[in-house]
Amino acid sequence: MRYPKECILKDCEEAVIRPLKSEDESLLGRFYKHIPESDRWCMRYDTTRPETVRKWIANMDNGSVFSIIALCNNEIIGHGSLHFREFGATKHVGRFRIVVMPELRNKRLGTWILLDLIQAAMDRGLKALRTDLVKDLEDAAIEAVKKFDFFQRGKLENYAIDPQGNKHDMVIMIKRLHANWTDY
């Protein structure tokens, strides 16, 4: 893939997508501080902690994560990461996560990021993509990935517990990948 990549959002606003760089650490930290806790509680790490972002930046070159950002006016407005393994029973499966600023959701930014992550997975020869999403909180994301031929492979009932103690189902969404786009 060639970067930087310019994209036009639904409201004709422009954004630039490119790989995350080590000098983006402070920008990425600022981005996650603007993501509401109601969106962050289901993430694996506390993204508001500088140590978390610093560790992500330090581990960028270990070959197991492809991370891209979307920028507008020199600020990060979206972040996507594709995680993969070099060894083991699931080395053919990539896992991804996409986070978009709340005010820029439903403007196709997540779609642009997802397309790049799918292409990156195909370029690495992965056979499937997986994302785990929390029912009730991430219903819009569940519907969005379905448009890209993801299907629900499993459901973990009452698996996620929100900060108020409410239980939510976690759905496992899978997409089978092909060698190139003409195979779809």
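Leaving aside neighbours within four places in sequence, with which residues is Arg18 in contact? With that exclusion, Arg18 is in contact (heavy atoms within 4.5 Å) with Tyr3, Pro4, Asp24, Ile68, Ile69 and Leu71. The model is predicted: local features need pLDDT of at least 70 and side-chain atom pairs count only at pLDDT 80 or more, while totals for chains, interfaces and linings use all residues. Residues are numbered from 1 along each chain as its sequence is written, and side-chain values use heavy atoms, with hydrogens and water left out.

**Arg18**

- Arg18 lies in strand 2 (residues 14-19); strands are DSSP runs of E with at least two residues and helices are runs of H or I with at least four, numbered from the N terminus.
- Arg18 has a relative accessible area of 14% and is therefore buried; buried means under 20% relative accessible area, exposed over 50% and partly exposed in between, with a 1.4 Å probe and protein chains only.
- The side chains of Arg18 and Asp24 make a polar contact at 2.8 Å. Such a contact is a pair of N or O atoms within 3.5 Å; within protein, one must be able to donate a hydrogen and the other to accept it, and residues adjacent in sequence count only if both atoms are side-chain atoms.

**Asp162**

- Asp162 is placed in the loop between strand 7 (151-161) and strand 8 (167-176).
- Asp162 is buried yet has no salt bridge, and Lys167, the nearest side chain of opposite charge, is 11 Å away. Lys and Arg count as positive and Asp and Glu as negative, whereas His and the chain ends are not counted.
- The Asp162 side chain makes a polar contact with the side chain of His168 at 2.8 Å, and it reaches the backbone nitrogen of Gln164 at 2.9 Å.

**Salt bridges**

- The whole structure holds 13 salt bridges, each a side-chain nitrogen of Lys or Arg within 4 Å of a carboxyl oxygen of Asp or Glu.
- Arg54 and Glu25 form a salt bridge, with the closest N and O atoms 3.3 Å apart. This pair links Arg54 in helix 3 (residues 50-58) to Glu25 in helix 1 (residues 25-33), 29 residues apart.
- Asp132 forms a salt bridge with Arg95, the closest N and O atoms being 2.5 Å apart; Asp132 is in strand 6 (residues 128-134) and Arg95 in strand 5 (residues 93-100).
- Arg95, Arg130 and Asp132 are linked in a network of salt bridges.
- Glu138 and Arg97 meet in a salt bridge at 2.8 Å, N to O. Glu138 counts as buried because its relative accessibility is 13%, whereas Arg97, at 21%, is partly exposed.

**Nonpolar cores and aromatic rings**

- The largest nonpolar core has 46 residues, and those with the most contacts inside it are Phe31, Ile77, Leu82, Phe96, Leu109 and Leu129. Helix 4 (residues 109-123) gives the largest share of this core, eight residues.
- A second, separate core of five residues includes Trp41, Cys42, Val134 and Ala160. A nonpolar core is a set of buried Ala, Val, Leu, Ile, Met, Phe, Trp, Tyr and Cys residues joined through side-chain atoms within 4.5 Å.
- The structure holds three aromatic pairs. Rings of Phe, Tyr and Trp (its six-membered ring) pair if their centres lie within 6.5 Å; planes under 30 degrees apart count as stacked, over 60 as edge-to-face and the rest as tilted.
- Phe31 and Tyr32 form an edge-to-face pair, 4.8 Å centre to centre with 75 degrees between the planes, and both residues are buried.
- Ring pairs link Phe31, Tyr32 and Trp56 into a cluster.
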